[in-house]
Amino acid sequence: MIKVTLLGTGNPVPDPNRGGSATLVQAGGNAYLFDAGRGVLQRLLGAGVLPGMLSAVLLTHLHSDHITDLNDVITTRWVMSPVPSVTRLWGPQRTQEVVDGILAMLQPDIEYRLAHHEDLSWTPDVAVTELNAGVVLQENGVRIVAEATDHRPVEPTIGYRIEHDGHVVVIGGDTIPCDGLDSLCANADIYVQTVLRDDLVSMIPMQRFQDTIDYHSSVAQAAQTAARNRVKKLVLTHMVPTPAPGSAHEWIAIAAEHFDGEIIFGEDLTVIETQ
Ligand SMILES: [Zn+2]
Ligand SMILES: [Zn+2]
C-alpha cells in the first residue's frame with residue numbers, strides 16, 4: 001500500500017486554509033516529501049511526521065511556491081536531531097545553488113546554536129543530487145523514477161513516479177501534458193496533478209495571472225492525461241485560481257467530462273491510499 005497525504009494544496013497566493021505545494025508519500029516504512037511550500041512543517045506534523053522522519057525530500061522545480069519552506073525542513077531537522085542526520089535532497093539542475101543560498105541565509109542561526117548548545121557540534125548536512133530523468137532511488141521495496149516535464153519557460157522541471165509492492169503513485173508537479181508525464185502516469189493508481197481553471201483565469205484582468213495559463217495543466221488536460229494513461233484516481237491540487245468555497249463539484253465535473261475514474265478535489269491533509 002502507498003499512502004499519499006496532501007500537505008499543501010494552495011497556489012502562490014497566500015490562503016488561510018491551504019498551505020503551499022507539498023505532498024507526503026509513505027510506502028514500505030519510508031516517508032518522502034515532494035516539494036516544500038509555505039507551512040510544510042505544520043502540515044507534516046498534522047500528518048504525524050517529524051522532519052527527522054523524512055527518508056528524503058524531492059523537488060519538482062525551483063519556483064518559490066514549491067520551495068519556500070525548504071529552509072525550515074533543513075534547519076528544524078538539524079536542530080531537533082540528537083545525532084548528525086543528513087537531509088537527502090533530489091531536484092532539478094540548480095538545486096545545489098538554492099541549498100547553498102539557504103545555508104548562507106541560515107549562517108547566523110547556525111553560529112548562534114553551535115555556540116549555545118554544547119551537544120550540538122555539527123552543521124546542517126544536505127546531500128543534493130541534481131537530475132533530469134532516471135531512477136532516483138531504490139530502497140526498502142520502494143523505487144522512485146523521475147522524468148522531465150514541461151513547465152516552460154521554467155526549466156528543467158521533473159515529475160516523479162513512486163512504485164511499491166505493485167502500486168504506483170505519480171507526482172506530476174507544475175506541467176502541461178507531455179511525453180514525460182505520460183510515461184510516469186502509465187497505469188498509475190494515484191496521479192496527483194497541480195491544476196488551473198483556464199475558464200476562470202482568463203477572466204481575471206491581470207496579465208500576470210493570464211501568463212500562468214500556458215504552463216499549467218488545465219483541469220481538463222489533467223483528466224485527459226489520467227484517461228490516456230489508464231490511471232485509477234486523479235487528485236487535483238495547487239488549484240489556480242483559489243477555489244471559491246463550495247465550488248469543488250465544479251472542478252470535479254470538468255474533470256469528469258474527460259475521465260471515468262475517481263476524482264479527488266484536494267484539501268490540506270486529504271489522505272489517499274492505493275488498495
Ligand atoms: Zn511552477
Ligand atoms: Zn506552482
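## Leu269 and its loop

Let's start with Leu269, which sits in the loop that links strand 14 (262-265) to strand 15 (271-273). Keep in mind that this is a predicted model. The backbone does something worth a look here: Leu269 isn't a glycine, yet its phi is positive, near 75°. Most residues other than glycine have a negative phi.

## Asn187, another positive phi

Now go to the loop between helix 6 (179-185) and strand 11 (190-196), where you'll find Asn187. Asn187 isn't a glycine either, but its phi is positive, at about 55°.

How many C-beta neighbours does Asn187 have inside 10 Å? It has 9, so Asn187 counts as exposed. The cut-off for that label is 12 or fewer.

Next up are the peptide bonds.

Which residues does the cis bond with omega of about 15° join? They are Arg152 and Pro153. Pro153 has its place in the loop between strand 8 (142-148) and strand 9 (158-164).

Pro156 is also found in the loop between strand 8 and strand 9. The peptide bond that runs from Glu155 to Pro156 is cis, and its omega is near 0°.

Key. Residues numbered from 1 in each chain as written. Chains lettered and ligands numbered in written order. Predicted model: local features only at pLDDT ≥ 70, side-chain atom pairs only at ≥ 80, totals over all residues. Helix = DSSP H or I, 4+ residues; strand = E, 2+ residues; numbered from the N terminus. Buried ≥ 20, exposed ≤ 12 C-beta atoms within 10 Å, placed from the backbone.
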